[in-house]
Amino acid sequence: MDSSLSLDPVRLSIGMNLIVLSGTKVTLECNARGTPTPFITWRKSGKRLSSDERYKITSTGQVSTLIIESVTLEDRGQINCVATNLGGADRRVSSITVKG
């Protein structure tokens, strides 16, 4: 490993705890800083989320966005944003409560 490489620990922020109506579009943004640029993943109930018909995940630089087009009761609970790089890892949680 190059000893001149600066390794900053990951620092990230995530959206607030949300209370939303069923059918609402929800967007969570995870901002992570670190050197090298952190790798960001999203997890729910211990399982890694990936883009599919329910979730859309995009990443640009140090920002990752999780979009749920139409929230259902199945989406309630904790969503974790996990960022890792060679300097370490950090995790933040948002809670989604679905009404109706």
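I looked for sulfur links and found a disulfide between C30 and C81, S to S 1.7 Å. I count a disulfide as a pair of cysteine sulfur atoms within 2.5 Å. My search of the whole structure gave 1 disulfide.

I note that this is a predicted model, where local features need pLDDT of at least 70, side-chain atom pairs count only at pLDDT 80 or more, and totals for chains, interfaces and linings use all residues. Residues are numbered from 1 along each chain as its sequence is written, and side-chain values use heavy atoms, with hydrogens and water left out.

Next I checked the handedness of the link between C30 and C81. The turn about the S-S bond is -70°, left-handed. The pair ties distant parts of the chain, 51 residues apart: C30 is in strand β3 (residues 26–35) and C81 in strand β8 (residues 77–85). Strands here are DSSP runs (E, at least two residues), numbered from the N terminus.

Are the two cysteines buried or exposed? C30 is buried at 0% relative accessible area, and C81 is buried at 0% too. Buried means under 20% relative accessible area and exposed over 50%, with partly exposed in between (1.4 Å probe, protein chains only).

Then I turned to the backbone. Most residues other than glycine have a negative phi, and most peptide bonds are trans. T35 and P36 are joined by a cis peptide bond, with omega about 0°. I place P36 in the loop between β3 and β4 (39–44).

Last, I looked up S45. S45 is not a glycine, yet its phi is positive, about 50°. S45 sits in the loop between β4 and β5 (47–48). S45 is exposed, with a relative accessible area of 61%.

Definitions and conventions: Helices (H or I, at least four residues) and strands (E, at least two) are DSSP runs, numbered from the N terminus.
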